[in-house]
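Hello,

The structure I promised is below, and my notes follow it. Please read them next to the coordinates.

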Amino acid sequence: MHPFESESGFAKALLLLLLHCTAVITTDAFCARSNQMLLPSKTSLTQMKLYVDNSEGEEQPHSVWYNRYKEYQSDTLDDYDFVLNDSELIESDPALNLLSSEIGVKEYFTKQIDLSHEENIPFSVLAERTFDTIEDIFQHLQRIPYENGSAKITPEEELTRKTVVVLGSGWGAHALMKVANCNKLRIIVVSPSNHFVFTPMLASAATGTVEYRSMTEAVRSANGMIEEYIEGKAVGVDIGKKRVTVRLNSLLDQYGETEPPEIELEYDHLVVAVGCKVDVKGVPGATNSLRLKSCDDARKLRTAIGECFEYASRPDVSGADREEERTRRSTFLIVGGGPTGVELAGELYDLAEDITRPHKGSYPRLRNNIKVVLCHSGSALVPQFEQPLQEEALKSLRRKGVEVILNTRVTELKDGYAKLSTKKFDKETGEKGRVESELPIGLSVWCAGTAPVSFVSQLLDQLPDVARNADGRIKVDKWLRPQMNDPSLLGSVLVLGDAAACMEDDDFLPQTAQVAGQQGAYLARLLSRGYDLETTPPALPCTPLSPCDIFYDPVLTEWLKLRGLDVASKFSFLNLGLLAYLGGGEALSQVQVGEFPLFAYSGSVAFVLWRSVYLVKQVATKNRILVTFDWIKNSVFGRDMTRF
Ligand SMILES: Cc1cc2nc3c(=O)[nH]c(=O)nc-3n(C[C@H](O)[C@H](O)[C@H](O)COP(=O)(O)OP(=O)(O)OC[C@H]3O[C@@H](n4cnc5c(N)ncnc54)[C@H](O)[C@@H]3O)c2cc1C
């Protein structure tokens with residue numbers, strides 16, 4: 001593996017910074033150039049607010065980086081405001097349209113970053129991550145001779161290495177595999193899926209924007225020094241005996257292997273990174289709706305979408321009187337207006353635009369039939385984002401024709417329709433109530449809610465009650481250890497990612513790839529450095545608090561002592577922000593360092609940033625190349641609608 005493929009590699013950060021600067025500079029240049037094209041040259045470059053007169057005669061603000069244009073300046077508005085009475089002009093003019101969607105560009109340039117808030121930038125965490133990255137690079141360099149075949153794990157290492165059984169191959173487990181020192185740790189990975197999947201791109205894969213194999217990496221190639229990968233599922237655990245039971249995947253269907261074998265694995269540390277599952281909240285019929293959690297889900301969804309288009313195009317629904325049925329068959333209901341639901345709506349919009357292109361698309365006759373409906377129980381989409389971006393997400397999707405239904409729950413899913421219940425509030429009487437309705441649909445995708453997987457419940461049965469979080473996840477301390485009934489077993493089980501409930505600043509960390517990835521890399525270092533996880537705080541080997549063992553490495557110890565890491569630092573999450581695709585080359589991006597907000601974009605600049613980040617965050621160079629080719633291929637040839 002290349003050093004630049006480390007989880008927190010410098011190169012990734014630098015590449016991202018470079019791409020981001022390019023995006024901003026390009027957009028600025030484009031804005032300036034567009035202004036010259038659109039407006040007389042007497043203008044001086046300044047920032048203005050663009051107001052659009054809506055049909056009710058109200059002026060709606062449309063922030064934009066724009067040239068000052070005196071003739072249109074209104075007396076009633078600010079000196080820098082610009083009134084455009086005809087919103088159609090914006091929609092019809094690509095340059096103006098692009099500019100008007102860049103709400104963040106203005107904010108970026110006008111925001112006075114108040115450096116008195118410096119204490120909000122987590123400099124200590126940034127410094128720690130930088131030094132960790134240097135350590136990771138040395139780690140990777142040590143791996144190269146082994147991968148070249150010129151070095152081996154010595155017999156002494158073979159005898160003394162600690163066995164770490166890692167459950168899962170998602171974000172948390174994969175980050176751990178990439179960073180762990182396999183000369184000291186005998187890593188055995190157990191997962192029913194033999195690959196890591198870049199979940200933020202599942203919506204793209206389900207709609208054919210990228211191929212599945214472009215955003216996955218096989219466990220066996222993530223780190224050549226991993227001792228073993230076992231394709232199976234953890235189905236039981238004996239914490240006292242440090243043993244986990246694994247049911248192997250049934251691989252030999254054609255030979256009639258009905259009862260797959262079970263094996264037992266012994267461990268020194270059990271790393272639980274089993275994620276979570278989709279929770280349909282007991283809604284009748286919802287178990288039959290499609291979901292988007294794994295590659296297999298994306299593959300099924302892609303096939304089902306193709307089937308819907310074909311079903312809607314059948315000759316038996318070709319008459320004018322069958323228009324309604326054709327529309328029903330090509331109506332896609334997405335349940336849940338979080339980032340996954342919103343991104344899927346955006347991707348489905350792109351797919352519909354692509355396949356209904358006159359002459360070139362595969363289904364031009366379905367142009368007026370395809371409907372994307374996004375149903376959300378809350379009053380705002382993507383509640384994780386800042387409010388202006390939440391509003392922009394709603395506006396952007398509605399502008400594209402996505403039907404967004406807010407304050408609405410799906411109460412039942414039946415063959416061909418969904419039952420909806422919408423909150424209603426009568427302003428005159430102040431009465432609250434619900435309105436029930438039915439929506440004819442062709443296909444539904446459930447993107448709302450998560451629940452723990454069954455192994456987590458089994459594990460919790462052997463842990464003290466305090467380890468059980470209200471939502472069924474496993475509560476862990478700052479070193480990702482759940483409490484144990486027997487204190488001598490503390491640190492033998494470590495939990496991370498979506499399966500863990502980890503507190504930071506009076507709140508639980510969110511269930512995101514960012515958290516899981518950072519926790520995975522953190523745990524890998526904690527284990528590789530040999531901290532004694534039975535003590536609190538965990539201490540380095542060969543200190544007054546902890547005995548000398550194979551983990552004692554004088555150079556590493558001195559380096560860690562120099563950094564003040566005689567005892568392990570607590571896990572701290574470095575929040576770098578949020579991204580979501582909205583379709584049509586627009587996205588939302590909220591960039592921050594910890595709690596310190598840097599900028600918030602929506603529109604095309606955000607889209608460039610979104611693509612740059614997704615490209616840089618791919619886990620291997622191979623994936624970056626494949627994803628780039630997929631994007632180019634689709635923009636040139638359109639999406640591939642073949643089904644197998
Ligand atoms: C469509 C989608 C889009 C997303 N987009 C974003 C985004 O843009 N940004 C972001 O930060 N987060 C995003 N997330 C959330 C993110 O993917 C999760 O928070 C992250 O995957 C959690 O990582 P994890 O390691 O805890 O679990 P996962 O990545 O879910 O991995 C769990 C692993 O455990 C395996 N497993 C399950 N049960 C067992 C068992 N009994 N034994 C052994 N192995 C088992 C599974 O096969 C899987 O390999 C998205 C999620 C989805 C579904």
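The shell around the ligand divides into 18 nonpolar, 13 polar and 3 charged residues (Ala, Val, Leu, Ile, Met, Phe, Trp, Tyr, Cys and Pro count as nonpolar, Asp, Glu, Lys and Arg as charged, and the others, Gly among them, as polar). Of these 34 residues, G168, G170, G275, G497 and T512 come nearest; a residue is near if its C-beta atom, placed from the backbone, lies within 6 Å. At least two residues of the shell come from each of α7, β5, α8 (202–206), β8 (228–238), α12 (339–355) and α15 (513–528).

This is a predicted model: local features need pLDDT of at least 70, side-chain atom pairs count only at pLDDT 80 or more, and totals for chains, interfaces and linings use all residues. Residues are numbered from 1 along each chain as its sequence is written.

Helices (H or I, at least four residues) and strands (E, at least two) are DSSP runs, numbered from the N terminus. An open sheet of 7 strands has the order β10-β9-β8-β5-β4-β11-β23, with mixed pairing; strands pair if DSSP finds at least two bridges between them. Its edge strands, β10 (262–266) and β23 (493–495), each pair on one side only. Strand β9 (243–248) runs antiparallel to β10 and is joined to it by 5 bridges; R247 has E262 of β10 as its bridge partner.

Helix α13 (387–400) is followed by G401, whose phi is positive, near 100°.

Regards
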